[in-house]
Amino acid sequence: MLPAYIPNSMAAVFGGGRPIDGGRVMKDGRRILGDGKTYRGLFAGIVCGVLLGLLQTALLIPVSELLDISFPSFSGSGSSTMVVLLSLASGSLFGDMFKSFFKRRLGMQRGASLPLVDQLDFVLGAWIFTYLSCTGWFIMNFTRNVMIAVLVISPLLHLTTNVIGYLIGVKKEPW
Ligand code: CTP
Ligand code: MG
């Protein structure tokens with residue numbers, strides 16, 4: 001899940017500049033996505049997610065041998081590392097963007113809190129993208145127990161990193 005987690009944090013660090021919706025509003029008078037979804041955040045996030053996945057791939061064998069634990073890899077079952085990593089990283093930020101679209105339709109301002117949805121949008125986005133583009137790899141790695149663990153750990157990790165992001169000043173709200 002790391003290549004799906006890190007894009008969110010890196011979007012907050014590197015984000016800013018031109019919003020993806022170009023400032024446009026919909027018929028309801030609200031922004032399509034809002035100023036919290038920018039091209040810079042999207043691209044920096046995806047690049048960082050893929051780079052982290054490549055680093056994990058390079059460390060896979062040495063770390064497995066060192067700890068004597070077998071870790072899963074980002075390829076196999078007919079899928080290549082690059083496609084898996086791009087799906088995890090982009091799916092995560094598209095899930096986040098999709099959520100912002102619905103927040104705006106509900107009349108929620110940029111940054112308003114939507115509990116659980118804010119903490120799991122990126123997980124669902126990453127899973128859907130990866131399931132669609134790398135079905136065999138997804139089924140092989142995201143078994144029921146792994147998915148339950150991810151659903152429990154992700155919100156806790158998300159809240160912790162967001163409080164840190166808020167304290168160091170890269171996030172406007174601590175959620
Ligand atoms: N960010 C970005 N581009 C993205 C995603 C995030 O630039 N595609 C940056 C923005 O600066 C954003 C910050 O990361 O404010 C935190 O992201 P998030 O909490 O998802 O955005 P919010 O500002 O809370 O907006 P929303 O209410 O739409 O979720
Ligand atoms: Mg937010």
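**Entry 1: D35**

I started with D35, which sits in the loop between α1 and α2. My helices are DSSP runs of H or I with at least four residues, numbered from the N terminus, and strands would be E runs of at least two. Is D35 buried, exposed or partly exposed? I found it partly exposed, because its relative accessibility is 40% (buried means under 20%, exposed over 50%, partly exposed in between, with a 1.4 Å probe and protein chains only). I then looked across to K171, 136 residues away along the chain. The C-alpha atoms of D35 and K171 are separated by 13 Å.

**Entry 2: ground rules**

I noted that the model is predicted, with local features needing pLDDT of at least 70, side-chain atom pairs counting only at pLDDT 80 or more, and totals for chains, interfaces and linings using all residues. Residues are numbered from 1 along each chain as its sequence is written, chains are lettered from A and ligands numbered from 1 in the order in which they are written, and side-chain values use heavy atoms, leaving out hydrogens and water.

**Entry 3: G34**

I stayed in the loop between α1 and α2 to look up G34. G34 is buried, since its relative accessible area is 4%. How far apart are the C-alpha atoms of G34 and P19? I read 7.1 Å, for two residues 15 apart along the chain.

Next I turned to ligand 1, which has 18 residues around it (a residue is near if one of its heavy atoms lies within 4 Å). Which residues come nearest? I wrote down K37, T38, S100, G111 and K171.

I sorted the shell around ligand 1 by kind: three residues are nonpolar, eight polar and seven charged. In this sorting Asp, Glu, Lys and Arg are charged; Ala, Val, Leu, Ile, Met, Phe, Trp, Tyr, Cys and Pro are nonpolar; the others, Gly among them, are polar.

Then I asked which helices each supply at least two residues of the shell. They are α1 (2–14), α2 (39–67) and α3 (81–105). The largest share, five residues, comes from α3.

**Entry 4: what touches ligand 1**

I looked for polar contacts, meaning pairs of N or O atoms within 3.5 Å; within protein, one atom must be able to donate a hydrogen and the other to accept it, and residues adjacent in sequence count only if both atoms are side-chain atoms. G36 uses its backbone: an N or O atom there lies 3.1 Å from a nitrogen atom of ligand 1. K103 uses its side chain, where an N or O atom is 3.1 Å from an oxygen atom of the ligand. R104 also brings a side-chain N or O atom, 2.8 Å from an oxygen atom of ligand 1. How much of ligand 1 does the protein cover? I noted 91% of the 580 Å² of accessible area that the ligand has on its own (Shrake-Rupley method, 1.4 Å probe).

**Entry 5: D118**

D118 is found in helix α4. I count D118 as buried because its relative accessibility is 5%.

**Entry 6: two positive phi values**

I checked backbone angles. Most residues other than glycine have a negative phi. S77 has a phi near 50°, a positive value. I located S77 in the loop between α2 and α3. At 44% relative accessible area, S77 is partly exposed.

L116 has a positive phi too, about 70°, and is not a glycine. It lies in the loop between α3 and α4 (117–133). L116 is exposed, because its relative accessible area is 53%.

I finished with α6 (residues 144–167), which holds N162. N162 is buried, with a relative accessible area of 10%. What does the side chain of N162 reach? I found the backbone oxygen of W175, at 3.0 Å.

H158 is in helix α6 as well. With a relative accessible area of 11%, H158 is buried. I compared its position with Y5, 153 residues away along the chain. Their C-alpha atoms are separated by 8.3 Å.

G169 is exposed, as its relative accessible area is 57%.
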